[in-house]
Amino acid sequence: MQLDDTDRRILRQMMAEPGLPTAELAERAGVTSATCWRRIERLREGGVIRGEQALIDWHALGWEVEVSLRFTLDKTNPRAFDEFIAAAREVPEVLEIQSFLGSTDMRLQVIARDMAHYQEIYRNRILTLPHISELDALMLISTIKSSAELPV
């Protein structure tokens, strides 16, 4: 989908403040409310805007530990990826599942309330995932930059 300057202005404003009412979004983007609404609908229909969501700070809810787990899978089983992914989706503490080309096949982003809770998740849910050949854990110390904004 081709974006023009108006589309980009609307998207920049939406990313900066996702909860803006259409009238205010239109004013900031320099268009009428009707134009803004039509552009947003076109961007949704075109798959550019896939949805809107609330961002929850899970730290504020008492989740203190974040670990990135990198897996190499036993690829002798042709269903290894599908079975691993299906099992990983069942672990509620897994926030993100990614697949890669290279020495790492899969990455899971896992949260826990504390280290004891992480140890329980690791032993009872992570190590029981199917087809693990190798596993590497990276514990998050701090997040330097995290942004969903695109340079449009």
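Contact here means heavy atoms within 4.5 Å. Helices (H or I, at least four residues) and strands (E, at least two) are DSSP runs, numbered from the N terminus. With those two ideas in hand, let's walk through the model.

What you're looking at is a predicted model, where local features need pLDDT of at least 70, side-chain atom pairs count only at pLDDT 80 or more, and totals for chains, interfaces and linings use all residues. Residues are numbered from 1 along each chain as its sequence is written, and side-chain values use heavy atoms, with hydrogens and water left out.

The protein chain splits into domain 1 (5-45) and domain 2 (58-139), with bounds that come from an automatic or database domain assignment.

Let's begin with α2 (residues 22-29). Its buried residues (buried means under 20% relative accessible area, exposed over 50%, partly exposed in between, with a 1.4 Å probe and protein chains only) are Leu25, Ala26 and Ala29. Looking down the axis of α2, you'd find these buried residues within an arc of 100°, so they line one face of the helix. That arc is taken from the directions from the helix axis to the C-beta atoms. The cover over the buried residues of α2 includes α1 and α3. Just after α2 comes Gly30, which has a positive phi of about 80°.

How do you describe two packed helices? You give the angle between their axes and the distance between the axes. The axes are lines fitted to C-alpha atoms, for helices over the stretch in contact, and the angles run from 0 to 180 degrees between N-to-C directions.

| Helix pair | Angle | Axis distance |
|---|---|---|
| α1 (residues 5-16) and α3 (residues 33-45) | about 85° | 10 Å |
| α2 (residues 22-29) and α3 | roughly 100° | within 8 Å |

α1 and α3 are therefore roughly perpendicular to each other. (Angles under 35 degrees count as roughly parallel, over 145 as roughly antiparallel, 65 to 115 as roughly perpendicular and the rest as oblique.) On the α1 side, the contact is made by Thr6, Asp7, Ile10, Leu11 and Met14, and on the α3 side by Cys36, Arg39, Ile40, Arg42 and Leu43. α2 and α3 are therefore roughly perpendicular to each other too. There, Thr22, Ala23, Leu25 and Ala26 of α2 meet Ser33, Cys36, Trp37 and Ile40 of α3.

**The sheet**

Now for the strands. Four of them make an open sheet in the order β2-β3-β1-β4, with antiparallel pairing. β2 and β4 are at the edges with a single partner strand each, so one side of each has no neighbour in the sheet. From one strand to the next, the twist averages 20°. Two strands count as paired if DSSP finds at least two bridges between them.

How many bridges join β1 and β3? β1 (residues 65-73) pairs with β3 over seven bridges, and five join β2 (residues 94-99) to β3. Gln109 of β3 is the bridge partner of Ser68, and Glu96 also stands opposite Gln109. Val67, meanwhile, has Val110 in β3 as its bridge partner. β2 and β3 form a hairpin with six residues between them, and Gly102 in the turn has a positive phi of about 125°.

Is β3 (residues 106-112) mostly covered or open? It's mostly covered, with seven of its seven residues buried. Met106, Leu108, Val110 and Ala112 point one way from β3, while Arg107, Gln109 and Ile111 point the other way. In a regular strand the side chains alternate between the two faces of the sheet.

**Helices on the sheet**

α4 lies across β1, β2, β3 and β4, running at about 10° to β3. α5 (residues 115-126) packs on the sheet too, touching β1, β3 and β4, and its direction makes about 140° with that of β3.

Which residues of α4 (residues 80-89) are buried? They are Ala80, Phe84 and Ala88. They cover an arc of only 55° around the axis, which puts them on the same side of α4. These buried residues pack against β1, β2, β3 and β4 (132-139).
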